[in-house]
Amino acid sequence: MVAGLSIVSTVGVGGCGGESSAPDKAPMIVAHRGGTGDMPENTLAAIDSALRNHADAIWLSVQASADGEAVLYRPQDLSAQTDGNGPVAAKPAAELARLNAGYAFVDGNGNHPYRDRPTPIPTLREALAAIPAPVPIFLDLKQLPPDPVVSATARTLRETGNLDRATIYSTSGDVIAAAAAQGLHVAESRDKTRQRLLDVALRHACDRAAARPQTWIALELHLKVAVTEKVTLGSATTDTEAQLWDPESVRCLRSDGNAKLMAIGVATKADYDTARQLGIDAVLVDSPATAQTWR
């Protein structure tokens, strides 16, 4: 709360690699869910497309199957994107692999091209094998309670030798804490990042006692918020959009150990140019095919 105002974020989202960007250095292009705007998200087809479109890093959504395998899927229920139903955690990995992860995908012409050529839900192991070793990977863990998905992810990363190139992200602070406890590389928690950027924007106050050196910090470039003003006779709330990334916020976040900065939800060249001018290290995009034309 600042000067009678309380601000609450109204959106949620679902990182290692490279030197910190300076202004006018091109930010890394990170393919959101493998490139959800181009292909069925979190599939091997999406990963292949993103790499062919010169994405610099891959962001994937991870859940744990009933038999403890880390698999790529985002929504709570399988019916949202596949020809199956129920939660991922209720089915073994072999059963999940028989579902069509592209069933609900709609292309630019309004068609469902993958209903006739199914693309399965892959395991994290399969995805790691498909991504060349130098390419950084961001894993957005999507299940609660956190222990099953964190344990499955940690085991897969260790057994495949990918521990050092993967960074764990989550909208849940409990997931981040559990991942850190298992020795995984974690991004700063979303709640902490949001509060730090709000403090800079509203109070010009910088909390420097936060991220470890090289920690990724990620938040939307444009964040939808609800602004509530408390007055004598009650309160008034306004929904608005805030751009919390600016030169002051970047300086603040850089001051605590050379953090790595990522702007989420970058969809236009104008947004990309803004991130570039601010010296942000990476942008999370839905369409690597479109983003490759911005550089």
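Is R74 buried, partly exposed or exposed? R74 is partly exposed, at 26% relative accessibility, on a scale where buried means under 20% relative accessible area, exposed means over 50% and partly exposed lies in between (1.4 Å probe, protein chains only). The model is a predicted one, so local features need pLDDT of at least 70 and side-chain atom pairs count only at pLDDT 80 or more, while totals for chains, interfaces and linings use all residues. Residues are numbered from 1 along each chain as its sequence is written, and side-chain values use heavy atoms, with hydrogens and water left out.

R74 pairs up with E41 in a salt bridge, at 2.7 Å from N to O; the term stands for a side-chain nitrogen of Lys or Arg within 4 Å of a carboxyl oxygen of Asp or Glu. E41 sits in the loop between β2 and α1 and R74 in the loop between β4 and α2 (93-96), so this pair ties together parts that are 33 residues apart in sequence. Helices (H or I, at least four residues) and strands (E, at least two) are DSSP runs, numbered from the N terminus.

The salt-bridge count comes to 15. Another of them joins D199 to R203, with the closest N and O atoms 3.5 Å apart. Both lie in helix α6 (residues 190-203), 4 residues apart, or about one turn of the helix. D199 is buried at 14%, whereas R203 is partly exposed at 44%.

Now for the nonpolar interior. A nonpolar core is a set of buried Ala, Val, Leu, Ile, Met, Phe, Trp, Tyr and Cys residues joined through side-chain atoms within 4.5 Å. The largest one has 31 residues, of which I58, L60, L139, L141 and I168 touch the most other members. Elements that each supply at least two residues include α1 (44-52), β3 (57-64) and β5 (137-141), and α4 gives the most, with 5 residues. A second, separate core of 26 residues includes L261, V266, L278 and A291.

In α1, the buried residues are A46, I47, S49 and A50. Seen down the helix axis, they fall within an arc of 165 degrees (taken from the directions from the axis to the C-beta atoms), so they line one face of α1.
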